[in-house]
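This briefing covers a predicted model.

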Amino acid sequence: MKKIFLTALILLLPLTTSAKLKIVTTIPDLAELVRKVGGDAVEVKSLARGDQDPHYLEPKPSYTVLLNQADLLIEVGLELEIGWLPVLLTQSRNPKMQLGQPGHLIASDHLRILEIPTGPIDRSMGDVHPMGNPHYWMNPKNGLIIAKNIADRLGRLDPTHATTYAENFKTWESSFSKRITQWEKELASVRGRTVITHHKSFSYFVDWADLKVEGLIEPKPGIPPTPSHILYLIDLIKTERIPLIITENYYDPKPARELSEKTGSKFLVLPTSVGGDSGVDSYEGLFQFLIEKMKGAL
């Protein structure tokens, strides 16, 4: 009996010691940061692709399976995923994934959240996020805080590799901080310039880059522009001499193109996530891409 027990233990041991944490993220940017700090000790998959609108992802049975088998879910939070993630969590039947459990991380801890509304909110105001703008990963300095949050949670769930996660974070923090410093020097020539964006996806980027959003193509969050709003923007762009109109790659580009054609301002379709363009395959690559495009247009 003792021999059988020892044999079973030996067979089980390699599986136990080599098992990787299975992690699911809602957006690819969070998955990229997990890879930075988790290294070979984790397996990570993102539910949304970089070219999809993370507000309105269509729930699929395959997502439920991923969540059922995962050790950790990392979401953006601030109600970005409220339209599709809660139903997936319920269907996953994974108690570790539920809100408030160690296997559920909202990545926004310790971040300065922009555009938190004041006063009453109702549906007439559009798809307003009552807890503030959730697109916080668009500031590279926030990426450092998000990665630290992830490293801490990985260490809590997997104490065996806690030191590795902490060291991986420190290594990446050092190299990425140097990239941020270089990018800030590159952006010096366009500081203070004004832009029009479709949605408030770029609020954190322009806050960091010291640009200014003068107007939005959406008259209200999630609401397409009316003809009268387009006319208002045309007048605004001409009057204020706004040089650049930006639309996120998952929105209809027609309104931004029309504004460009009628005002002469430049027009860019830009990604807001890793994988949102063929030239954006990493978190660092996302910012390098955005900076090069905006500098070229401004």
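The model is predicted, with a mean pLDDT of 92 for the protein.

**Pockets**

- Sorted by class, the residues lining the largest pocket are eight nonpolar, six polar and six charged.
- The second largest pocket has a volume of about 250 Å³.
- Sixteen residues, given as 16 in the count, line the second largest pocket, and Glu115, Val128, His129, Lys200 and Pro221 are the closest to its centre.
- The lining of the second largest pocket consists of six nonpolar, five polar and five charged residues.

**Glu32**

- Helix H2, which spans residues 28-38, contains Glu32.
- Glu32 has a relative accessible area of 11% and therefore counts as buried, the cut-off being under 20%.
- Apart from neighbours within four places in sequence, Glu32 contacts Val274, Asp281, Ser282 and Tyr283.
- Glu218 is 186 residues from Glu32 along the chain, and their C-alpha atoms are 30 Å apart.

**Confidence**

- A pLDDT of 70 or more is reached by 94% of the residues, and the mean for the protein is 92.
- Residues 1-17 have pLDDT below 50, and this stretch makes zero contacts in the model beyond near neighbours in sequence.

Note on methods. Residues are numbered from 1 along each chain as its sequence is written. This is a predicted model: local features need pLDDT of at least 70, side-chain atom pairs count only at pLDDT 80 or more; totals for chains, interfaces and linings use all residues. Side-chain values use heavy atoms; hydrogens and water are left out. Helices (H or I, at least four residues) and strands (E, at least two) are DSSP runs, numbered from the N terminus. Buried means under 20% relative accessible area, exposed over 50%, partly exposed in between (1.4 Å probe, protein chains only). Contact means heavy atoms within 4.5 Å. pLDDT is the predictor's confidence in each residue, from 0 to 100. Ala, Val, Leu, Ile, Met, Phe, Trp, Tyr, Cys and Pro count as nonpolar, Asp, Glu, Lys and Arg as charged, and the others, Gly among them, as polar. On a 1 Å grid over the protein atoms alone, a cavity is a set of points where a 1.4 Å probe fits but cannot get out, and a pocket is an open set with protein on both sides within 12 Å along at least five of seven lines; lining residues have an atom within 4 Å of a point. Grid points are joined across faces, edges and corners, and a volume is the space filled by probe spheres set on the points.
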